[in-house]
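Reader: I'm new to this. Could you show me how to read a structure like the one below?

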Amino acid sequence: MITPLAAGIFEGLGAAASAGLAVGAYAYASLWPGSRIFGTAITAPARPGELALTFDDGPNAAWTPRLLDILARHEARATFFLLGSRAAAQPELVRRIATAGHTIGNHSWSHPNLARTRASRVREELRRTSETLQQITGAPVKFFRPPFGARRPVVFRMARDLGMEPVLWNAMTSDWSEPSADRIAKELMKKIDGLERRGRAANIVLHDGGHRDAAANRAPSVAAAGLLLERYAKSHRFVTLDAWG
Ligand SMILES: [Zn+2]
């Protein structure tokens, strides 16, 4: 029997409920991936054994191609949340991601903290990115992940207006601070195995680019993805967000 996907989707209480929150709690909740007060978002369904590898802040000329090679070697599909500004500069790389069968999502144009960005600019960040990605790949963009996980009700509403489902995560470590691949992989395995014990799939975040510095070293993140693929390839199923959306 397939567990209803709805079980993995947080039901939001909406804007009205958040109005009563203290400022501190509001700020905290706006950055906490499990927070439910900012509307519904996909994290991961109750399907232990399913793993979604997701990569943020690309495309990146140095690291994305290496990652694509590793994924191809394992015949695994992943989800790439791309920055519109970087995608526009590297359309060939974006096409390569799409052609390989991976899912492409919107991660905003320039990676601002959308919890502190005025609504008109939020809309522009999202709209311009989706339009650019669709122009490059020919396919509509169905998923949106807010930079830093930062959000407020209007951000998710705008994403939905543009035909996208907001996506958060439930397995992340600070891979962007460049610890060793081993350490990144071990931290994530701990989280993945813990989620599985609680009957949940894992929505794993790694970074194949740097939103501030395009020259950031992502070798550890890319290698960590390889370690996860090796460890779970035989026992688990790697899925894209399309399987959960
Ligand atoms: Zn990001």
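**Reading contacts, burial and strands**

Author: Start with contacts: leaving out residues up to four places away in sequence, Ser-130 touches Asn-106, Val-141 and Met-164 (contact means heavy atoms within 4.5 Å). Keep in mind that this is a predicted model, where local features need pLDDT of at least 70, side-chain atom pairs count only at pLDDT 80 or more, and totals for chains, interfaces and linings use all residues. Residues are numbered from 1 along each chain as its sequence is written, and side-chain values use heavy atoms, with hydrogens and water left out.

Reader: Is Ser-130 buried or exposed?

Author: Buried means under 20% relative accessible area, exposed over 50%, and partly exposed in between (1.4 Å probe, protein chains only). Ser-130 has 9%, so it counts as buried. You'll find Ser-130 in helix α6 (residues 119-137); helices (H or I, at least four residues) and strands (E, at least two) are DSSP runs, numbered from the N terminus.

Reader: Why is strand β1 largely enclosed by the rest of the structure?

Author: Count its residues, 50-58: nine of the nine are buried, so β1 is largely enclosed.

Reader: Which strand pairs with β1 over six bridges?

Author: Two strands pair if DSSP finds at least two bridges between them. Here β6 (residues 202-207) pairs with β1 in the parallel sense over six bridges, and Leu-51 stands opposite Ala-202 in β6. With β7 (residues 237-239), β1 has three bridges, also parallel; there, the bridge partner of Leu-51 is Phe-238.
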